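Have a look at the chain below.

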Amino acid sequence: MRGVLDRFEGSVAVIIAEQAGREFRVPLRYLPEGSRRGMWFTLSIESGHVVDIEADLTQTNERAAKAEELMAKLRNKSTGSRFKRK
């Protein structure tokens, strides 16, 4: 199962699992070194708890590139203001 690191809350990380549609709270010590917000992981779940977590750098890079592409489209779409100064 895949999930994205959504936020940090004190000594835990909140990971949102894509397929399960739920959040998992994982102690920071179980995250791979260098983990950051927006990073994707492959999760192994047993009895409703994360038992193994691995960074998915391919997915992280693909999603970041897609987000940057969408932001660039929005920036280039500027049509100016509908409200004119007199």
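## Terms and model

Helices (H or I, at least four residues) and strands (E, at least two) are DSSP runs, numbered from the N terminus. Two strands pair if DSSP finds at least two bridges between them.

The model is predicted: local features need pLDDT of at least 70, side-chain atom pairs count only at pLDDT 80 or more, and totals for chains, interfaces and linings use all residues. Residues are numbered from 1 along each chain as its sequence is written, and side-chain values use heavy atoms, leaving out hydrogens and water.

## The hairpin

Glu46 stands opposite His49 in E5. Two residues lie between the strands of this hairpin, and Ser47 takes a positive phi near 55 degrees there.

## The sheet

What is the order of the five strands in the open sheet? It is E3-E2-E1-E4-E5, with antiparallel pairing. E3 (22-27) and E5 are the edge strands, and each pairs on one side only. Neighbouring strands are turned by 45 degrees against each other on average, direction ignored. Axes here are lines fitted to C-alpha atoms, for helices over the stretch in contact; angles run from 0 to 180 degrees between N-to-C directions.

Arg2 stands opposite Thr42 in E4. Gly3 has Phe41 of E4 as its bridge partner.

## The helix

Helix H1 covers residues 57-76. H1 lies across E1, E4 and E5 and runs at about 130 degrees to E4. Contact means heavy atoms within 4.5 Å.
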